[in-house]
Amino acid sequence: MLYLIPALPFFSALLLILGWRTFSRTTVSVIGCGSIGISALITLAQGWQFLQSGHDSMVQHLWTWVQSGSFNAGMDLRLDALSLAFVFVITFVGFLIHVYSTGYMADDADYGRFFACMNLFVGAMLMLVLADNLLLLYLGWEGVGLCSYLLIGFWYKDPANGYAARKAFIVTRVGDTAMAIALFMLFQYTGSLQISSILEKAPGMWTTGHATVVLIAFLLLGGAVGKSAQLPLQTWLPDAMAGPTPVSALIHAATMVTAGVYLVARTNVLFDLAPAAQTAVAVVGAATLLLAGCSALVQKDIKRVLAYSTISQIGYMFLALGVGAWSAAIFHFVTHAFFKALLFMGAGAVIVALHHEQDMFKMGGLRKSLPGVFRVFLIGSASLAALPFITSGFYSKDQIVWLAWSSAKGHTAYWVIALAGAFLTAMYTFRMVFLTFYGSYRGHAAPHTPGSSMMIPLYILAFLSTVAGFVELPHTLGHVTLFSDFLQPILPAVQMLQESTALEWTSQLLAAGLTFLGIYIAWVWVIQQPDGMRRFAEMPFMQWLRGFWYKGWAFDELYNELLVRPFVRTARLNRRDLVDKVYTTLARVTEWCHDALARTQSGLLRWYIMGVLIGAVLILSVLIWRIYI
Amino acid sequence: MTFNDLLSLGPLLNIAGASVLAMLLVAIWRNHRLVYYFTVLAYLLALMSVVPVARLLPHEIPPLVVIDLFALFNSGAIVGSGLIIVLLSYNYFEEREERKEEYYLLLLLATAGALVLVISRHFMSLFLGLEMLSISLYGLIAYLRARERSDEAGIKYLILAALSSAFLLFGMALVYGFTGHMDFPGIGAYLRETETLPVSVIAGFGLMLIGIGFKLGVVPFHMWAPDIYEGAPLPVTAFVATISKGGVLVLLIRFYQDVNGKEYTMLWWIMAIIAVISMFAGNWLALTQQNIKRLLAYSSIAHLGYLLVGFLSGAQSGLEAIAFYLVAYFVTSIGAFGVLIVMSSSVQDAETVEDYRGLFWRYPWVALVFTVMLLSLAGIPLTAGFIGKFYIVMAGVDGERWFLLIMLVINSVIGLYYYIRIIAMMFRTSETPLRTYIKPALPLAGNITLGLLVVVLIGLGVYPTRMMQLIQEMMTLIK
Amino acid sequence: MMNIHPTTAGMTLAGILFVLGLISILIRRNLIFMLLSVEIMLNAAGLAFIVASSHWAQPDGQVMFMFILAMAAAEVSVGLALILQLFHQLKTLDSDEASRMRG
Amino acid sequence: MILLYIILIPVLGALLSWLTAARNTALCRWIALCSLLLDLGIVTAIWLGNGAAENGWLYHLQAPWIPQFGISLHLAMDGLSLVMLALTFFLGALAVLISWREITTKTGFFHFNLLFVITGIAGVFLTMDLFLFYFFWEVMLIPMYFLIGIWGHERREYAAYKFFIFTQAGGLLMLLSILALYFVHASNTGVYTFNYFELLNTPMERTLAMWLMLGFLVAFLVKLPAVPFHTWLPDAHTEAPTAGSVVLAGLLLKTGAYGILRFVLPLFPAASQEFAPWAMLLGVAGILYGGQLAFAQPDFKRLIAYTSVSHMGFVLLGAFAFNELAYQGVVMQMITHGISTGALFMLAGVLYERIHTRELSRMGGLWPVLPGMGTVTMIFVMASLGLPGLGNFIAEFLVLLGSWQANRLLTVLAALGLVVATVYSLRIMQKVFFGQTERQYTLPDLGLREWLIMAPLVLVILWLGVYPQPVLKTVTPNTENESVKQKAESKKPTAGNLFAPNSFQHKKQPL
């Protein structure tokens with residue numbers, strides 16, 4: 001049964017690739033959504049069976065994939081708690097997004113192609129999380145990269161979209177390459193790429209902090225930051241918003257971008273053995289969440305706000321991973337998948353309603369014209385901003401904030417940054433909400449309400465965004481640990497440094513306070529004192545800073561100057577292949593020799609005689625010189 | 001003179017006698033066809049007379065000549081080549097000259113000269129053969145009197161050949177003067193006995209080398225070749241390229257063996273340098289040459305360089321390689337000139353590369369023959385030229401002459417360029433009609449001859465075993 | 001005058017003759033003179049043969065000389081015919097004019 | 001005898017198709033196609049029959065040819081040859097199909113040449129006599145030269161020259177090495193032979209072995225091609241007709257790789273080991289340099305041509321890594337590159353038939369017009385950038401996995417090639433299919449014949465991506481021989497032991 005979970009999406013993708021031009025829209029919708037829906041149902045059944053069985057994991061061997069010498073990688077699927085969490089999110093959220101897409105993409109000419117790619121993506125993503133060995137994981141890993149590329153560039157007519165798509169693929173490929181090298185090293189030392197066997201062997205093979213394992217962990221981290229758009233490979237994600245909004249929701253918010261989190265969590269043993277790498281994970285996460293938060297603050301495009309927010313939230317997850325709070329990271333992944341998918345789809349609904357207008361400054365006042373969308377969007381925003389107690393985002397983020405400080409690998413600095421991030425999150429989230437839904441409408445096109453196929457998934461996700469938090473509650477608030485217990489066999493519990501309820505309260509209250517402060521400032525900024533804020537923003541330094549943040553801390557420029565330009569420029573310069581010049585020169589020299597020699601064939605008899613004579617003199621003098629000297 | 005002596009000289013006597021008879025025939029009844037058939041007959045008889053000689057080998061007629069398998073083999077090759085050249089000549093001359101009968105007479109004489117060369121082991125027979133060859137060639141080269149270039153080529157060749165003969169003669173005189181011998185074994189014996197050679201003998205050898213080098217057309221004595229190739233009638237060019245050069249080379253080999261030339265490193269070095277320069281000069285000169293006759297002249301300079309590499313390898317297989325290469329080269333060259341002959345019209349020889357533009361699309365058969373010939377010259381597999389070059393390289397590796405081999409390799413690559421250039425021209429698609437002087441109908445005899453050559457060429461390229469066996473046997477005998 | 005062996009003297013003479021011929025063929029442009037110069041060189045070779053044959057008291061060299069004479073005669077006759085022919089075409093005997101083939 | 005038939009069938013097909021072309025060009029095409037399919041059938045039958053199961057050498061044929069030199073008509077087939085032959089006839093048949101419409105002039109001669117090239121290639125893959133190997137090696141050139149020079153594009157003659165001269169230059173150096181090896185062996189044993197099995201393990205002085213190895217290697221590097229001997233390739237590939245490009249990229253380049261695996265490494269184990277870092281460096285240089293140049297090309301076919309340079313760098317890297325993983329990766333790379341690049345060239349050809357240009361700048365926005373072709377192109381572009389699930393990934397991954405154990409720095413650099421591959425591969429899609437166009441095309445999408453060509457290619461590349469085991473298993477036995485040999489030079493190779501030594505020797509007297 002297990003194999004059916006990825007096989008169905010793959011099969012439907014194949015069907016759609018072969019026949020999307022001939023199928024009717026209904027057929028496409030049925031195949032596209034139906035396959036994912038069935039997958040989701042199978043996941044439920046399989047998950048139930050798995051939980052009943054009491055095993056740590058279920059493995060299904062399909063066939064031997066690559067076997068060469070001592071290297072062996074099978075088409076093997078493994079289901080355990082961690083992958084189950086991911087599979088669940090992928091299939092369910094995926095299904096909702098598919099349903100949503102039938103409405104969102106209804107008018108698109110390439111309806112079938114869209115679903116073909118989406119299904120392929122779901123299949124690949126499932127492969128990624130179900131893989132029993134790293135090679136298969138890599139297959140899924142690259143497969144989702146491909147689909148991400150295809151879907152970002154879905155509207156291929158605009159070269160900018162194509163550029164964004166390629167950028168996404170190439171930047172993640174940089175990370176993938178690092179990961180591939182990690183795979184080589186793992187195989188070299190452990191003789192296998194099977195995840196469970198690596199994790200079993202690793203502690204016996206390396207002492208904590210051994211250079212090799214640190215290097216491996218760093219390389220894996222390289223793969224993770226590429227896929228999850230973390231520093232320093234975060235630049236592709238904001239551009240990836242060029243794709244249709246369901247794509248952003250599914251791939252660039254809920255699932256694919258969290259693959260990095262999955263990878264690090266999956267190989268947690270290695271990171272445990274490599275403190276330096278784990279610290280790096282935390283630092284990357286912390287830095288990213290701050291950076292992206294700042295950038296989100298100044299964006300105009302509603303999807304870019306969400307994109308930076310995604311980067312920032314994944315930063316939280318990385319921070320959690322970095323401090324050893326494995327299950328907290330996964331928990332945040334789950335809640336984030338719900339509320340971010342919700343937000344993206346809500347934003348998508350707005351965008352569709354406004355005839356593909358994405359600039360928030362051309363929105364406003366939509367609270368009245370799109371009340372349904374407003375409500376769910378508000379729920380999502382609240383969850384993102386971690387509004388205390390009633391949102392899932394609060395519980396998952398609060399856990400990270402607290403553990404960043406209190407866990408054995410935590411640090412006050414992390415905590416401060418996490419709090420600052422919470423503040424920023426609240427601020428940019430509500431800036432977005434206020435800009436979009438409050439004030440007066442600044443656009444031209446008349447908004448029209450989205451259909452039910454788009455709204456129903458939103459309602460479901462809104463519900464999930466709220467209740468999903470209650471599966472895991474902090475000590476201070478009821479102490480429910482359903483989720484972390486569920487993950488226990490795979491992910492070790494977090495090592496606490498200090499367990500003080502008082503401190504935890506402090507942290508929680510502080511975070512809650514900062515959230516409210518952020519919302520208030522956003523209120524002041526957008527609604528109450530827009531002119532004052534504008535004056536503030538137009539101070540020279542602020543203007544520069546705004547521009548700097550707007551461009552995502554100018555990483556694009558940096559990479560352009562440092563890597564892209566030199567590559568392109570040398571490529572252009574060398575278009576005619578410098579090496580070829582060597583050979584053409586050689587040919588030219590030969591031709592020159594011909595010309596020089598041809599001149600000796602003058603046709604003059606005396607000249608020929610001269611030639612004979614010169615030869616004679618040379619030969620004779622050599623012969624005689626040889627005798628006398 | 002015993003009967004065996006006569007029998008063993010069979011090919012030579014046949015050809016020489018035929019030349020006398022031909023002269024009488026022409027005097028009595030001037031008829032092109034008749035003389036042609038007579039000549040063909042004479043060559044055929046000569047070729048057949050090679051067979052019985054095989055029983056007598058090796059046969060010596062002291063002091064002038066020796067008929068061993070080596071000599072016989074080369075005699076056969078010369079007569080055979082001569083026969084093919086004659087076969088190709090008929091149509092060529094039929095369309096051109098008023099008095100074409102003497103051509104056959106001269107050709108027979110020249111062939112006789114070459115036959116004398118290959119069996120000689122004495123200065124006197126050497127000289128006789130060489131001059132018979134040369135003087136007939138003067139006439140042959142200038143045979144098409146009406147053509148301006150023929151005369152020019154004839155006079156150039158005459159003066160230069162006479163000059164080279166003078167060098168050769170003076171060299172021989174010096175050698176004779178200080179050794180007292182004119183026969184090769186005698187000279188060899190003298191050299192073996194003498195510790196340090198007198199300067200004059202060395203100078204004599206040097207002068208002889210110049211004379212021989214001229215006939216072979218190696219650098220720096222090569223300059224005549226392109227002009228003579230260009231000016232001479234095509235069959236004569238084929239003759240000069242093959243029989244004339246081959247005969248002299250055979251003589252050189254014999255002389256070198258008899259005087260044990262291997263021992264003189266200086267001589268070796270000089271020849272090595274000549275070989276290298278010849279390869280380079282020949283190939284470089286041919287590189288963008290537009291006249292195919294001149295191009296083949298330059299290419300033959302380079303090929304002589306290759307042959308010298310085999311010669312200089314010092315390995316026994318080197319001589320075998322030369323023998324094989326010579327056969328391959330004979331077949332190939334005659335084939336190439338044969339194509340030129342077939343394609344030429346009465347007005348002008350089809351000699352520029354441009355004349356062959358798009359030939360493949362008009363006369364695929366001729367184009368393919370020419371392609372095969374050129375590929376053989378370039379040494380590409382499936383052709384005799386490949387096996388020949390392989391043989392040479394093998395000998396070179398055997399003798400560990402790495403420098404020469406590298407030079408050979410470089411030159412093969414350069415050489416490839418201009419052979420391909422012609423091939424490319426033939427396969428170029430062109431809508432413009434071929435030049436008008438290329439005749440529309442091709443002579444049957446020429447086609448058959450070309451077909452025969454292709455068969456031989458590819459046969460030798462695919463299954464050279466028999467030929468190699470023969471050559472190996474022959475070489476073990478002259479050692 | 002020192003004692004010079006007659007053979008050496010003869011050979012030297014032949015050598016001088018040879019070089020003379022060589023020089024003259026180089027500096028002459030008239031075809032007839034070039035032909036003549038070659039004949040001188042051939043005769044120098046012939047002389048060398050005679051000297052050698054007398055030195056060894058053998059007839060061989062003299063036989064050789066006869067051949068050389070015959071050959072030289074043949075050569076001159078062919079040569080003159082060719083030169084005549086060429087003169088008809090070029091209206092000159094300048095060898096430099098006979099350079100229509102080159103390259 | 002079956003081996004001889006494998007070689008003779010295309011020869012016969014070549015002659016027949018030439019003869020029939022004058023009367024009936026369709027018949028000529030069918031003859032060519034059928035002869036290749038017949039061969040493909042034979043090879044497949046062998047493969048299914050005992051290919052995967054048996055160890056070592058499957059078939060064997062030896063008959064004297066030029067006994068004086070110890071040259072024999074010596075053919076043998078092992079897993080490697082088998083796999084390469086399958087590829088040869090597979091792509092060969094497709095090459096006939098792809099030129100069905102493209103070639104209209106001198107159809108007979110075209111097919112004659114095409115089949116002749118394939119004969120030469122098949123011969124190269126089968127022969128176990130060094131002279132015969134050289135013979136076939138050279139035999140490939142002439143027909144290939146004609147294919148490029150007669151039916152090629154604008155600058156065909158230049159390209160054909162360059163191809164011919166480069167490969168010939170390399171080949172002649174190899175000839176020197178072959179002969180030197182021959183004499184070294186003879187001076188050791190007194191046996192003059194070109195027999196591959198006997199020449200294995202010829203003891204040699206270190207420097208001599210190095211020189212001889214280099215002689216072989218240069219020929220193969222030119223053919224492969226490796227930087228800096230690659231410059232013939234872009235021209236030849238670009239100017240050749242589609243079938244020519246397919247055969248060149250798909251098969252001819254593989255003979256170079258095959259030569260390295262079959263001759264350079266086993267004949268000169270110590271020397272090649274010594275030279276390995278440099279060879280790997282050349283491989284990496286090829287990967288990166290070829291990749292960058294591919295990115296810069298304005299011409300579709302030229303771009304694909306440079307990707308070949310890049311991909312074949314992996315072959316070089318893997319071949320000199322001396323372990324089984326890399327070895328199998330190399331074999332996989334040979335096959336998958338043959339298929340993916342062959343397919344890309346076919347697509348370029350199909351596209352050229354429609355829009356009559358190869359300039360990328362004049363394409364763009366073709367997706368809505370040619371969605372089928374776009375999909376297929378996407379698959380092969382992805383294959384070319386090494387997407388898992390497609391065959392090329394397995395190849396490149398195994399190569400890198402193997403080479404990592406040999407040289408880490410170079411492997412890291414080579415892995416960067418994956419990024420470069422992404423850069424240039426995606427450029428193809430962008431420039432050809434995406435974006436917009438002012439021109440209003442109404443072009444036919446892939447027709448039935450073209451689907452018949454593309455479908456097998458897609459299926460095979462997918463099959464190799466998800467289940468490469470049949471290939472890996474088939475080339476395993478030899479791999480072990482090679483790697484065993486590399487690791488313990490003193491040990492006698494298994495290849496030589498598989499036969500009774502006497503039956504193979506030519507105790508002919510020396511020359």
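In which sense do strand β1 and strand β2 of chain D pair, and over how many bridges? In this predicted model, the two strands run antiparallel to each other, with 8 bridges between them. Together, β1(D) and β2(D) make a hairpin with 4 residues between the strands. The turn includes D:Gly70, whose phi is positive, at about 70 degrees. Across the pair, D:His60 faces D:Ala76, which belongs to β2(D).

Here are the helices and strands to look for as you explore:

| Element | Chain | Residues |
|---|---|---|
| Strand β1 | chain D | residues 57–66 |
| Strand β2 | chain D | residues 71–78 |
| Helix α15 | chain A | residues 326–353 |
| Helix α27 | chain A | residues 605–628 |

Staying with chain D, the UniProt record (an unreviewed entry) lists residues 128–417 as "domain: NADH:quinone oxidoreductase/Mrp antiporter transmembrane". That span is 80% helix and 0% strand, and its end C-alpha atoms are 35 Å apart.

Next, have a look at the largest nonpolar core, which holds 707 residues. The residues with the most contacts inside this core are A:Leu319, A:Ala341, C:Ala45 and C:Ala48. Helix α15 of chain A supplies the largest share of the core, 21 residues. Leaving aside residues up to four places away in sequence, C:Ala48 touches B:Phe170, B:Ala173, B:Leu174 and B:Gly177 from chain B, along with C:Met11 and C:Ala14 from chain C.

Finally, chains A and C meet in a contact that takes 10 residues from chain A and 12 residues from chain C. On the chain A side, helix α27 gives the largest share, 5 residues. By class, this side has 6 nonpolar, 3 polar and 1 charged residues.

Notes: Residues numbered from 1 in each chain as written. Chains lettered and ligands numbered in written order. Predicted model: local features only at pLDDT ≥ 70, side-chain atom pairs only at ≥ 80, totals over all residues. Core = buried A, V, L, I, M, F, W, Y, C linked by C-beta atoms within 7 Å. Buried ≥ 20, exposed ≤ 12 C-beta atoms within 10 Å, placed from the backbone. Contact = placed C-beta atoms within 7 Å. Pairing = 2+ DSSP bridges. UniProt positions renumbered as here; feature names shortened; annotations may be inferred. Nonpolar A, V, L, I, M, F, W, Y, C, P; charged D, E, K, R; others polar.
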